[in-house]
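Subject: Structure for you to look at

Dear colleague,

I am passing on the structure below, followed by some notes on what was found in it. Please read them with the model open.

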Amino acid sequence: MTDTQLRAGLIGLGAMGRNHARVLHALEGVELVAVADPVAAASSLPSGVRLVETVEQLIELGLDYAVVACPTVHHEPIGLALADAGVHALIEKPLAHTAEASTRLADAFEAKGLVGAVGHIERFNPAIASLRERLSAGELGEILQVVTRRQGPFPGRIADVGVVKDLATHDIDLTGFVTGQRYTSVSARTVSRSGRPHEDMVSAVGVLENGVIANHSVNWLSPFKERTTVVTGDRGCFIADTLTADLTFYANGIEANEWEALSNFRGVSEGDMIRYAIRKREPLLVEHEQFRDAILGKSNDIVDLRMGAATVAVSESILHSAATGETVSLAPSA
């Protein structure tokens with residue numbers, strides 16, 4: 001419950017922007033004042049919400065915070081304008097089109113003492129949140145590997161970045177989130193098949209601080225959608241499906257094996273399988289609640305701009321590796 005009514009604005013009314021508008025319009029303690037979009041129709045807005053064309057017009061209405069859901073290339077100038085005006089901001093991922101631009105945004109919001117966050121929505125998926133809690137509690141023992149698969153048909157809404165910055169940034173961020181570790185190196189290969197200037201497929205291998213291997217397979221070339229994260233440890237394996245928000249645990253077997261052909265195998269064997277009952281709330285709503293609470297000075301779990309900038313830096317290292325064929329080492333700050 002909140003006693004303060006925050007005035008919020010939204011920049012961009014595309015596919016993701018419409019979802020933000022829906023959640024903001026119903027969010028407790030928040031009033032969606034207006035949306036800035038030069039081509040949107042007023043009929044597409046929630047009742048009572050104004051439509052303006054520019055960020056400057058939006059700022060003039062007097063905002064506590066804004067949500068930035070326009071194409072990535074515009075994130076930096078819009079974010080800097082909001083920071084200059086003293087407006088807190090939740091910026092969709094990726095934070096910006098380059099690592100340098102991401103750092104400038106983080107610097108600007110920190111200099112003004114403003115709350116800045118990145119919309120890495122997968123952190124708020126119930127399956128990922130539960131996975132992180134269980135890994136932090138040591139339920140898997142030592143973590144050995146994180147494997148993510150994120151694939152599906154090409155989304156026509158994306159024009160300014162490729163699959164690495166649009167989709168793989170989800171997996172980069174959630175891998176660091178659930179393990180609590182940063183990337184130390186990456187190696188990758190990409191494929192471009194759609195005729196666009198950006199990549200449509202990437203296969204990447206990363207190494208995290210404690211030697212954990214991270215494998216990411218991401219593409220826009222598959223006729224079916226898949227969103228899975230598999231974490232293997234010395235006690236078994238967790239599988240998080242973020243499409244269904246299900247989390248399943250496969251334990252290493254502890255029963256003696258009486259089949260001679262298998263008993264000679266020195267690895268693990270199959271054990272119990274558990275699918276956890278998880279409270280499933282909409283991740284976007286939880287993300288907005290966390291950001292609202294951050295502005296109000298309450299306990300929160302937002303993805304701050306430094307975290308978002310680090311993810312962009314890893315994504316650029318993946319693209320550099322794919323372009324050069326080299327393994328790229330990352331500085332500790334990334």
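This is a predicted model: local features need pLDDT of at least 70, side-chain atom pairs count only at pLDDT 80 or more; totals for chains, interfaces and linings use all residues.

Strand 1 (residues 6-11) is joined to strand 2 (residues 30-36) by six bridges, and the two run parallel; here strands (E, at least two residues) and helices (H or I, at least four) are DSSP runs numbered from the N terminus, and two strands pair if DSSP finds at least two bridges between them. R7 has E31 in strand 2 as its bridge partner.

Strand 1 also pairs with strand 4 (residues 65-68), again in the parallel sense, over four bridges, and L10 stands opposite V67 of strand 4.

Residues are numbered from 1 along each chain as its sequence is written, and side-chain values use heavy atoms, with hydrogens and water left out.

Helix 5 (126-136) and helix 8 (283-295) each supply at least two residues to the lining of the second largest pocket, and helix 5 gives the most, with five. A pocket is an open set of points on a 1 Å grid over the protein atoms alone, where a 1.4 Å probe fits, with protein on both sides within 12 Å along at least five of seven lines, and lining residues have an atom within 4 Å of a point. Of the 16 lining residues, F124, P126, A129, E133 and V286 lie nearest the centre.

Best regards

Methods. Buried means under 20% relative accessible area, exposed over 50%, partly exposed in between (1.4 Å probe, protein chains only).
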